Amino acid sequence: MKNSKLFWLLGLVLVLSIFLAACGGGDDSDTSTESETPEEETDTPAEGEESEGASGEPDAEQVLNLVEGAEIPSMDSAIAEDAVAFNILNNVNEGLFRLNEENVAIPALAESEPEISEDGLTYTFKLRDANWSDGTPVTAQDFEFAWKRALDPEVGSPYGPYMMAGTIKGATEVSEGADPSELGVVAEDEKTLVVTLERPTPYFMSLMAFGTFYPQNEAFVTEKGDDYALNSDNLLYNGPFMLTNWDGTGLTWTMEKNPEYWDAETVQLETINVDVVKETSTALNLYQSGEKDRAGLSGEFAMQYADDPEVVRELEPTLFYLKFNQERNGEETPLANVNIRKAISMSFNKQDLVDVVLANGSLPANYLVPTEFTFTEDGADFREVNGDLTGFDVEQAQEFWATGLEEIGETEVTLELLGGDSELAGKMDAYLKEQMETNLEGLTVNLKAVPFGVRLELDEAQDYDMQNSGWGPDYQDPMTFIDLFVTGASHNLMSYSSEEFDSLVEQAKGELAQDATARWEAMAEAERILIEEDAAIAPIYQRATMALQKPYVQNIISHPFGGDYSYKWAFISGKE
Amino acid sequence: MARYIGKRIIYMVITLALIATFTFFLMKILPGSPIASADKLSPEQRAVVEARYGLDDPLPVQYFNYMFGLVQGDLGISINQFKGADVTDVILSRMGPSAQIGFQGMLLGTVLGILLGMIAALRQNTWVDYSSTIVAIIGISIPSFVFASMLQYFLGLKLGWFPVALWKDGFMSSVLPSIALAMFPLATAARFIRTEMIEVLSSDYITLAKAKGASGSEIAFKHAFRNALIPLITVLGPMAVGILTGSLVVEQIFAIPGIGEQFVKSIMVSDFSIIMGTTIFFSVFLILVILIVDIMYGIIDPRIRLSGGKS
Amino acid sequence: MTQNYDKLPQGSFDRIPRDTQQAERISKPSVSFWQDAWRRLRKNKGAIFSLILFGLIVLMALLGPIISPYSPNAQTITHANLPPKIPVIENLGIFDGVGTLGGKEVDLYEMKNVDQNYWFGTDGLGRDMFSRVWKGTQVSLFIAFAAAAIDMLIGVIYGGISGYFGGRVDDIMQRIVEILTGIPNLVVVILFIMIMDPGILAIIIALTITGWTGMSRVVRGQVLKYKTQEFVLAARTLGASDGRIIRKHLMPNVLAVIIINTMFTIPSAIFFEAFLSFIGLGLQAPDASLGTLINDGYKLIQYQPHILAIPAFVLSLIMIAFNLIGDGLRDALDPKMKD
């Protein structure tokens, strides 16, 4: 009998503990606020240290702990195409140029600015003395090899032909299978690289900082064969850090300081520990427990932390807009009518969207080329030329709507809005639907949220009416946005075609390439036609990101294109 | 016995072959493109990439190649989630953590569930019974992602008893995910044991034992419990399925490098090789569990003979 | 032995004469199986309470969106993220419109100059949670009932045929079921949702595509058990057709099991729908179900607990109600439990 009593007691305790654990969440509002307060107090002294820290000495222990939102699909610079890989590549490898702390492309592996021929077509780069992480020198041949490899159809590089075709001489032909020796890239000797262009490219230097243009060591790549870049041991590094502890499929990796890096004395961080955390709430909990030094804040969380002293905001040159598909399955959609397009693009309140739904410092966008992205030589923003090209205006939208409906002879229109399957995308699309339907009588919007891979396929098949789409720059020039919508361009996929627009883009790429002012104006005019006149797309917002960052973390540099961040100059100060 | 097992294994292989066929053709009608950068690749490059993964062969050839590879344990190559990596390697490298939290969760849940079910049965229709039923139901009525994030927030962050997330501190890292996974087997076992115990308690031999003057605890453990436990084996299969479903959620929330977490991602990016490989892996696991359950059942319960006779 | 009668005390016993007319009389009132079951179910307080509770939830699911002055999808963006506020009850210190912002407690209604009361608060787009929760309950229940009904239909027919005809037919049909149960159902569900256009219909079909196997197994087992019993044999000897035997003799006996099994499929369907929301394959925005509402809310548990707590509470109530009703029915319908 004694035994049975003990058993009862044990059972009860177990039941009770489960019950408490399960019910703990019900009345959390009190407990959580109470227990949060001391935590905030402990934060305050840390913040005080920040002011000392900024000017103060770096700590003895230089370890940075970060989270990443997705795993690495590929570390091969020719194959890489996603933000995670480009970010790491930017920190473990280096090209001829690198974006510095002010986001200006400066010579990196190139010893100095290249010699440029009078016609702007031939660039001669002199390489500095630098080594791979295994001690072998980085040579001009490594560049030639890597670029030719990126163009080889057998390799299937997504960015190789995309970035080089039409820019580097012979790239288009080589990517279609021509003899690689026709490519205008020649290593004259170990330290001299001569690049011949198809046409003058004013932004060529910023391209050189992009991952696809990084060098690869031929001997090493050939030796590893199919195993090249499958894990951190099968890679060579020539950047500030070396990738370690990455098994190719895992959720964790480390970046360690590269002793062979030519500028190793600038690099202060010894180790960067990265873990993939896909849930924002988990990342935040890790940040609050002190295990991680930085955590991104998406929509729902952004508002809660708006006033937190540890918040860092960054405006990105990434633009989100609605694509209007004018022809679906061989038939014209109502969106082929310009007035319908104009009506929809003016029918939703962007200010409320960025204030309430996004709440992370994003800007309402009435333009295509983002603000604070490209500047003239005397520092004027490209946006100053055109300003706002459209805007939220219910009355005008309704006028256009009435005209449009009359022109297409309908009283009711049903359109599908294709979007991503993330929580934020769903919330944003629900908001857009409600706004459009409220402000335009007779419009029904059906939302369709699908996984990324499915969306790409629907986009390619042009099987949608409207699509919530985004674009970030590949190089520092308005052209990276504007030439998306040229007739037949691979991103157009909505049957938009304007001769005037096409010819302006052609001029800017061709005859005006050497004349900065005229080129600038041609691109601005093209942007005006696209948005103000044709309303081919409806800009929504320019994205900003918000993150919590511990005050002891200093000098992480964020970049507008290529890899998102540089840790080369980062250091820890005042953590202990 | 050996003949029975042999026969079952042959059935298993046939079932697997059919499942592989089924998933293969399902995959072909699945929307989405695994060549994620489709709009950047030129038609020539695309052809090359498709050729590399054998996507340009006629369907029967693709099917034959896949099944042939499968026999040799080759599940193909990841198309875009881990470009170029062997699917088999991906699954093997992700198996450990999943197996560990799955096993621990199952063990914890079953043991607690049995206790809970017994208490409920021995005190049928009293407040003890009702509250243990409610505890069990709350266990399954709070979605696992809510439960997991509560565990993380309270036990991990606020109390600091266990790591908040990540797979770094060995056993300690596995505690919270295991508890989160344990809820489903706990509820299943508790309900099952309760019903079985009630039935056993009302059977003749228990009445006899009572008449002979056996004590309450003696009846509960020696007679009722043992006989109630045998049928529990039959729900091990559904429990394993529950654990599998739970792992998708729990691994993602605790950022654990397991198979479930990786499977969700492969669906999102339409990596057909990985989706298929993982599906087949899950099926093998499930069929094995069912087989083991049947064999165990035959060994434990002498009333069931495994000569292949149909019940 | 006979003499012993004389020794009995006089008057203590009456002699009852044998009455052939009374011999066949049944002293207890005749009750059918269902009346008997209902009598036993009525004694089970938990089950009755659950029945009433469930009735109320269904009523609210139907009336809730109508009672509320706001439509479930109407957005008042300036009223976003308001905590619940109910007149009268607010004086008790709960549902009083006080929420936390940046770690401080504030009356958000005052702060945002909102005169209306949102009984369950609002979500991130300023939609009324009261009408959304009940609309969501309606959708979740619809999905669950539809899935359970289809499961039942297919499962009963399949299991019935398989069990009744036995032999080769049974063999083949069981192999098919074995294959279907060999594929983890979550994989099948996910794949089917991806193939079809996402939405309520896709979810229902995906849930039923493998869901019916459980039901078919149970039905088959029962049919196998009953078909060899004497009353079936008797009916067959009397020349009843297969269809008649199945309908009139087997089904009534199997019905109890079917009902009980259905009682447990409904909550698991609701639950699976919530799981699908988590991995992003649930209902399409802006439609709400309990699953999508909980999924929206769980991340905000530290800041906007009401967005999670209310739908989670309703979900738990439904689950508890169904499980208790199911338990009660099982006890009530089990002939062995007859008292």
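1. Helices (H or I, at least four residues) and strands (E, at least two) are DSSP runs, numbered from the N terminus.

2. Before going further, some housekeeping. This is a predicted model, where local features need pLDDT of at least 70 and side-chain atom pairs count only at pLDDT 80 or more, while totals for chains, interfaces and linings use all residues. Residues are numbered from 1 along each chain as its sequence is written, and chains are lettered from A and ligands numbered from 1 in the order in which they are written.

3. The stretch to watch is residues 1-55 of chain A, where pLDDT stays under 50 and the model has 48 contacts beyond four places in sequence. A contact means C-beta atoms, placed from the backbone, within 7 Å. Where pLDDT is low, the predicted coordinates should not be read in detail.

4. Two strands pair if DSSP finds at least two bridges between them; β6(A) and β7 (residues 192-196) of chain A have 4, in the antiparallel sense. Ala187(A) has Leu193(A) as its bridge partner in β7(A).

5. Chain A also has an open sheet of 4 strands in the order β1-β10-β9-β8, and its pairing is mixed. Its edges are β1 (63-68) and β8 (241-244) of chain A; each has a single partner strand, so one side of each is left without a neighbour in the sheet. Neighbouring strands of this sheet are turned by 20° against each other on average, direction ignored. β1(A) and β10(A) run parallel, joined by 6 bridges, and Val63(A) stands opposite Thr271(A) in β10(A). Helix α3 (residues 83-92) of chain A packs on the sheet, touching β1, β8 and β9 (252-257) of chain A, with its direction at about 130° to that of β8(A).

6. The A–B contact takes 54 residues from chain A and 56 residues from chain B. On the chain A side, α1(A) gives the most, with 8 residues. That side has 22 nonpolar, 21 polar and 11 charged residues. For the classes, Ala, Val, Leu, Ile, Met, Phe, Trp, Tyr, Cys and Pro count as nonpolar, Asp, Glu, Lys and Arg as charged, and the others, Gly among them, as polar.

7. The B–C contact takes 31 residues from chain B and 29 residues from chain C. α5(B) is the top contributor on the chain B side, with 6 residues. By class, this side of chain B has 25 nonpolar, 6 polar and no charged residues.

8. Finally, chain C. Its secondary structure comes to 12 helices and 2 strands. Chain C has a radius of gyration of 28 Å, whereas a compact globule of 339 residues would have one near 20 Å; the radius is taken over C-alpha atoms, and the globule rule is 2.2 Å times the number of residues to the power 0.38. The C-alpha atoms of chain C fill a box of roughly 100 × 65 × 30 Å along the principal axes.

Key: pLDDT = per-residue confidence, 0-100. Contact = placed C-beta atoms within 7 Å. Axes fitted to C-alpha atoms, helices over the stretch in contact; angles between N-to-C directions.
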